[in-house]
Amino acid sequence: MCGIVGYIGCEQAGPFLLDGLERLEYRGYDSAGVCLNTGSELFVKKAKGKLKVLKDLTENGKTLHGTVGIGHTRWATHGEPSDVNAHPHLSESGRFAVVHNGIIENYQQLKDYLTSKGIAFRSETDTEVIAQLIEYYYKGDLVDTVIKVLEKLEGSYALGVISKDNPDEIIAVRKESPLIIGLGENENYLASDVTAILSRTKTILRLENNEIAILGRDGVKIITTDKDEVHKDTETVEWDVSAAEKGGYEHFMFKEIMEQPTAIAETISPRIRNGRVVLDEIKLSDEELKQFTKINILACGSAYHVGVVAKYIFEKMLRIPVEADLASEFRYRDPIINDKTLTIVISQSGETADTKEAMKEAQRRGSHVISIVNVVGSAIACESDDVIYTWAGPEIAVATTKAYSTQLAVIYLMALYFGEKLGTVVPEEYTALVNELEMLPAKIEKVLENKAKIQYLASKYFNSRDIFFIGRNIDYALSLEGSLKLKEISYIHSEAYAAGELKHGTISLIEKGTPVIALVTHEELIGKMVSNIEEVKTRGAQVMCIACDDHPEMEQVGQTIFIPKVCDMLLPSLAVIPLQLFAYYVASLKGCDIDKPRNLAKSVTVE
């Protein structure tokens, strides 16, 4: 959510800032802006709308002069999207400029105080108070001033600060919102996400909470708020910039759907050795593992849907009670959780604010936390007791596909790893499941080969007003994700229902021509699902089924997308592919902005 980029060096900063902001577009935004230190003034250009508006205003950066600058893509929280509310924000005299991700919770009190001192505000944002506070307290030392201002702020923030009086530095600060430093030759970079700077450097430093970075052309100094110097090891980003580019595909989402066989293989393969699942990342002993009487799964959005699937898998394979909780609700229900509870936290970015706070609540109550995260060095990864990385590579499209699939893959690995240690999975079943897991990427390739039929079915339904998804057991858990994927990129109203609940009220929503997508992959429940399908067909529904290819008779029930037969545990990984493709093709036929759907952000770093 929101994006920060900064540059200090010997080149003109404008073109780099615009390029960096373009690479951060996937995070979601409604306005964009840049500020350059020209040597004589801080020159700001910002605009509501897509980055193209700003690029046109600046002739792709040609009218921006200065070798030091900061830029920002804003997702509105305080104040409507507008040119005035866009970042960067200047202090009253124009002497200081600030970009900010996060929320300043006490901004109104600070604003009231500054207003009482005669300071005039231009915007409705919480961010402007930071720029005005810096000017109000400035006595000649920018670092000292920033530290004093931080003492006044409550909330979360990643900050980039430049001053007309300091043409040779950028100040960066992090608290509960991601921020990294990129290192180059006679130039250095600031960004909220590595994708913004990867075209220029792969060598980075990750700021921790309450650390301040002072960026110059020749180096970077990191200090605490007590001005103690912090020495950090550099980190080398392993993936190439091409991984964050479309590579000939029309949309990142389609590219990432097609990357899933490779992504899943890279998640699974290093963790299966000599026919056994090996999770070196988990430090729990067998004895400690056996002490747990409950598993809690905390996540938001699609990651929560992974958690719902995991509930079915863990309870069946481990025989331990499992709760899948929306992280945004977890803290507010006084959860029953203690040191006998194992908590699993799932987050693609590792910065999801609600999930991070829920994790802290679980830890306060004594629970051991294992996180499933894609981004190395992210807040959740660093603060959990153990972390398992999905190694999915960068996911640029807002609507997740390969992150969801690789999170599922980690759940399978954990189920087998724990099942063996707890003795709840017999050796013969264990061996068979490991073998099937290793074949999963190849079977996903087979599903992807059927994309033409899915595109044809999407062409029949893309004008629908409502589309419903139904399933039972693990198919119901998966239908939640199918419905979300469709609504978030196509804007079609969609709901997922447990098929057995239709008769308890929701079947009243079915009318002639209503599309219903039925997941019919769970072997034991096919008969019941067919009965539910007939119920909606009788009321005029048009039914599309997803079923395993050993049940060709499903073609008589509705138009069917077949997936290869696989064990029940792995069914979601195959069945989710047609759901992702269906959502993609529907949105494409409607002409939607697939990679950057309206009102959404990739990384939700505010509650």
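Tutor: The protein contains 19 helices and 26 strands, where helices (H or I, at least four residues) and strands (E, at least two) are DSSP runs numbered from the N terminus. This is a predicted model, in which local features need pLDDT of at least 70 and side-chain atom pairs count only at pLDDT 80 or more, while totals for chains, interfaces and linings use all residues. Residues are numbered from 1 along each chain as its sequence is written, and side-chain values use heavy atoms, with hydrogens and water left out.

The part to look at is helix 1, residues 13-23. Eight of its 11 residues are buried, so helix 1 is largely enclosed by the rest of the structure. Buried here means under 20% relative accessible area, exposed means over 50%, and partly exposed is in between (1.4 Å probe, protein chains only). The buried residues are Ala13, Gly14, Phe16, Leu17, Leu18, Gly20, Leu21 and Arg23. They pack against strand 1 (3-8), strand 2 (31-37), helix 2 (51-57), strand 4 and strand 10 (188-191), contact being heavy atoms within 4.5 Å.

With 29% relative accessibility, Pro81 counts as partly exposed. Beyond its neighbours within four places in sequence, Pro81 is in contact with Asp30, Lys48, Arg74 and Ala76. Asp30 is 51 residues away along the chain, yet the two C-alpha atoms are separated by 6.1 Å. Pro88 also lies in the loop between strand 4 and strand 5; a cis peptide bond joins it to His87, with omega about 0 degrees.

Two loop residues elsewhere have a positive phi without being glycine. Asn210, at about 65 degrees, lies between strand 11 (203-206) and strand 12 (211-215), and is partly exposed at 37% relative accessibility. Trp391, at about 55 degrees, is found between strand 21 (386-389) and helix 13 (402-422); its relative accessibility of 35% makes it partly exposed.

As for the whole, buried residues make up 61% of the 607 residues. The radius of gyration is 25 Å, which agrees with the value near 25 Å for a compact globule of 607 residues; it is taken over C-alpha atoms, and the globule rule is 2.2 Å times the number of residues to the power 0.38. Along the principal axes, the C-alpha atoms fill a box of roughly 75 × 55 × 45 Å. Of the contacts between residues at least 6 apart in sequence, 72% join residues at least 24 apart.

The protein exposes about 22,700 Å², with carbon and sulfur atoms supplying 48% of it; accessible areas come from the Shrake-Rupley method with a 1.4 Å probe. There are 66 positive and 88 negative side chains, and the centres of the two sets lie 3 Å apart. Lys and Arg count as positive and Asp and Glu as negative, with His and the chain ends not counted; the place of a charge is NZ of Lys, CZ of Arg, CG of Asp or CD of Glu.
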